Amino acid sequence: LPSEDAPACTPCPAGATSRAGSCTAGACACGPGYAGADVDSCAPCTNGTYKAALGSHACTRCAAGLYSLAGSADAAACVACPVATYLQLDSGVATCERCPARLAVCSSSCPADQQSPRSW
């Protein structure tokens, strides 16, 4: 049980966390999968990026040809796009896009310019 002299713990803002045992808002930092200039601006890492550590540093881009969902907290979250999709980079954000009708990709990670027509 907390003692009567112990300060009440202050919750961290959304997307932020603190190390176990911390009780002040000053101990808050952007949590894994989140980045921001300060704890009041923590936002999920964008698709195609991840951040494993606690702190204000930026999210890390997945290795070439790999994709991750927004808010990913580990490099293991970076995977190849599923079959029948291709990796699309738009303004630095990676997404897996469905292949256009009547086209197929040579593998799950082929860029759009390597698609080839396929007769149905």
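## Disulfide exercises

With about -80 degrees around the S-S bond, the link of C45 and C59 is left-handed. Before we start: this is a predicted model, where local features need pLDDT of at least 70, side-chain atom pairs count only at pLDDT 80 or more, and totals for chains, interfaces and linings use all residues. Residues are numbered from 1 along each chain as its sequence is written, and side-chain values use heavy atoms, with hydrogens and water left out.

**Exercise 1.** Work out which parts of the chain C45 and C59 tie together.

*Solution.* Step one: check the bond. A disulfide is a pair of cysteine sulfur atoms within 2.5 Å, and here S to S is 2.0 Å. C45 sits in the loop between β4 and β5 (49-50), while C59 sits in the loop between β5 and β6 (60-61), so the pair ties together parts 14 residues apart in sequence. (Strands are DSSP runs of E, at least two residues, numbered from the N terminus.)

**Exercise 2.** Decide whether C45 and C59 are buried, partly exposed or exposed.

*Solution.* Grab the cut-offs: buried is under 20% relative accessible area, exposed is over 50%, and partly exposed is in between (1.4 Å probe, protein chains only). C45 has 1% relative accessibility, so C45 counts as buried. C59 has 23%, so C59 counts as partly exposed.

**Exercise 3.** Describe the link between C81 and C96.

*Solution.* Start with the sulfur atoms: they are 2.0 Å apart. Next, the ends: C81 is in the loop between β6 and β7 (85-90), and C96 is in strand β8 (residues 93-98), 15 residues apart.

Definitions and conventions
Helices (H or I, at least four residues) and strands (E, at least two) are DSSP runs, numbered from the N terminus.
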